[in-house]
Amino acid sequence: MGFELFFTGTGLVVKGVLLLLILFSVVSWGIIMFKMYQIHKAFSDSGRFMDFFWKTKRFDSIAAQTERFASSPLVALFNEGYSELKQLMETGESKQEQGGALSTDLGGIANVSRALRRATNLEVTRLEKYTTFLATTGSTSPFIGLFGTVWGIMVAFIGIGKTGSASLAVVAPGIAEALIATAIGLVAAIPAVMAYNHFQHKIRVLVKEMDSFSTEFLNIVQRNIAGK
Amino acid sequence: MQRATPSREPRFAVSITLSLLLHATLVAALYWWQQFLPQMGPVQTTYYVDVVNLPVADPRSGSPVQAENSADVAPPPSPEPPAMAAPQPQSRPVARQPATNTESSAAFQQRMAKLQGVADAKRQAQRLEELRSKVAAAGRSGMPRGTGSEAGSDYTAYLHSRLKDAFRETISYNTKAPFVAMRLTIDGNGKLLRTRLEKSSNDKVFELSVRRAISLAEPSFTPPPGRSQYEGVFVFRPEGVAQQ
C-alpha cells in the first residue's frame, strides 16, 4: 500500500479526522516555533537589560534606551513604573508650586506598585498567549485520532462482514488505514505536550524575574525619590 | 496608559507558514522514503498449474523438450509389439494318434488349454485397442491424439475451480443463506457467450458478487474439449461453488 493510500483509501469521517489532526499539528508547530523565538528573545533581552539597568544610574537614561531591549518583559515593567513615577513627580511639582505637600509619599509608591503589578499581568498574558492551544492539542489529539481509528475499524469490519471473507489480506488494509488516525493524533500531541511543559517552566522563570525586578524598582524609587 | 510593546514580537503568521512548509517537507520526505520500502501491495496473483491435465500435443510423439534434446534423453518408447500369433493347429489327424495312449491325451489337454489362453489374450488385446481408439476419437489432451490446446479431461471441474477462486475474491451478501444458480455458455474458443440466472434467493448483493466472480474468472477460461460449445449450471452459495 502506498503512503498516499493511507489518506485516499479511507472513508469520509477518517479523512475529516486526519485533516483536523494535520491542522492541529500545523498550528501547534507554528505556535511552538513562535513561542520558542519569543521566549528565547525575552530571556536574552532581559539579561542584557538588567546589566544595562544596574550600570546606568539615571531612570531617564534607561528610558531613552529601552527600545534596544524591546522583547524583554522587564522593559515593559520599567516603562510602566517609570511613566507612573513621572506622572507622580509632575503632579508633586505642580502641587509644591501651589504650596501643597510632596506627592511622592507612600501613597505614590503604592501607585507605582500597582502599575508594576498590572504590567506584570499584561506580560504574563502576552507570554502565555497561544499556549492554551498547545495544551488543547496535547490533550485532545490522541482522542480525536482514536475516534478516527474506531470509526475506520468499524467500517472495515462492516465491509468484511459483507464480503464474507476474513482472511488477513482482507482485514489488514482496513485496520492499517484506520490506525493511521491514532498515529497522526499521537504525532500531533506529543510535541505539543512537551512544548507546553517547557514553555510553562520558562514563563514561570520569567514571572519570578519580573517579581524580583518590581521589588528592586520599588526599593530604588522609595530610597531615592520618596526619601527626598 | 499606552504601552510600547507590540511591534517587537515576531509575526505569528510567519511561524504558521514555516510550520506548513515543515509539514509539507515531512510529507514529501515520507513519500520519497516509501519508494525504498518493500511493496506492501495487495494479495499477489496466484498462478495455477494443472499438473493432472498438462497440455501436450501428442504423448506418443514425445514432449517438445525431448524433440529438441533428443541426444540427451532416452528415445521414445518402441511401438507396441505385435500381438502374439495364434499357433497353427496340428496338421496331423487326430485319428493317427493312438487313442489309447494316456500320455498323448494329457499332452493334448495341455495344448488345448494353451490355445484357449492365447485366444483369450488375443481377444483382450483387441478389446483394449478398441477402447483406445474410442478415447482417442474424443480428442482429449493428455490422451493419445489429443490436440494439447484444450482444457483437461473434466472441463466442468476446471471451470468450477476457476469460478471458486474468483468467487472467493468477490463474495458478499446481505441475506442469511443466499444462493444463485447460474447457467454459463462457453463457445469453442473459451469465450463466455452468455450467462443466465436459473435460480436465485433474490439477494441482489450476492447476485452481483456472482456476476463479478464470473467476469473475474472469464479470462482464465480455456476452450472446451473438442472445441465444442459448453453449457453448464453452477450453484453459488456462501460456502462456495457447486456443479449441478
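Which residue does E130(B) form a salt bridge with, and how far apart are the closest N and O atoms? I looked this up before anything else. The partner is R127(B), with the closest N and O atoms 3.0 Å apart. My rule for a salt bridge is a side-chain nitrogen of Lys or Arg within 4 Å of a carboxyl oxygen of Asp or Glu.

**Ground rules.** I am working on a predicted model, where local features need pLDDT of at least 70, side-chain atom pairs count only at pLDDT 80 or more, and totals for chains, interfaces and linings use all residues. Residues are numbered from 1 along each chain as its sequence is written, chains are lettered from A and ligands numbered from 1 in the order in which they are written, and side-chain values use heavy atoms, with hydrogens and water left out.

Helices (H or I, at least four residues) and strands (E, at least two) are DSSP runs, numbered from the N terminus. I have E130(B) down as partly exposed, at a relative accessible area of 40%. For these labels, buried means under 20% relative accessible area, exposed over 50%, and partly exposed in between, with a 1.4 Å probe and protein chains only.

Next I checked R183(B), which forms a salt bridge with E231(B), the closest N and O atoms being 3.3 Å apart. This pair links distant parts of the chain, as R183(B) sits in strand β1 and E231(B) in strand β3 of chain B, 48 residues apart. Both are partly exposed, R183(B) at 22% and E231(B) at 42% relative accessibility. E198(B) and R196(B) also meet through their side chains in a salt bridge, 2.9 Å from N to O. I then found that R183(B), R196(B), E198(B) and E231(B) are linked in a network of salt bridges.

**Helix α5(B).** This helix covers residues 204-217 of chain B. Its buried residues are F206(B), E207(B), S209(B), V210(B), A213(B), I214(B) and A217(B). On the face turned away from the buried side I see the exposed residues K204(B) and L208(B).

**Chain A.** I find 7 helices and 0 strands here. Buried residues make up 43% of the 228 residues.

I picked out A181(A), which lies in helix α7 (residues 168-226). A181(A) counts as buried because its relative accessibility is 0%. Leaving aside neighbours within four places in sequence, A181(A) is in contact (heavy atoms within 4.5 Å) with V17(A), L18(A), L21(A), G145(A), G148(A) and T149(A). The C-alpha atoms of A181(A) and V150(A), 31 residues apart along the chain, are separated by 9.3 Å.

On the surface, I noted a nonpolar patch of V13(A), F147(A), W151(A), M154(A), V155(A) and I158(A). Its largest share, 5 residues, comes from helix α6 (residues 131-163) of chain A. Patches are made of residues with over 30% relative accessible area and no salt bridge, like charges being joined within 9 Å and nonpolar side chains (Val, Leu, Ile, Met, Phe, Trp, Tyr) within 5 Å. V155(A) is partly exposed, with a relative accessible area of 44%.

Terms used: Areas by Shrake-Rupley, 256 points an atom, 1.4 Å probe, with all protein chains shown as cover. Expected span 1.5 Å × (residues − 1).
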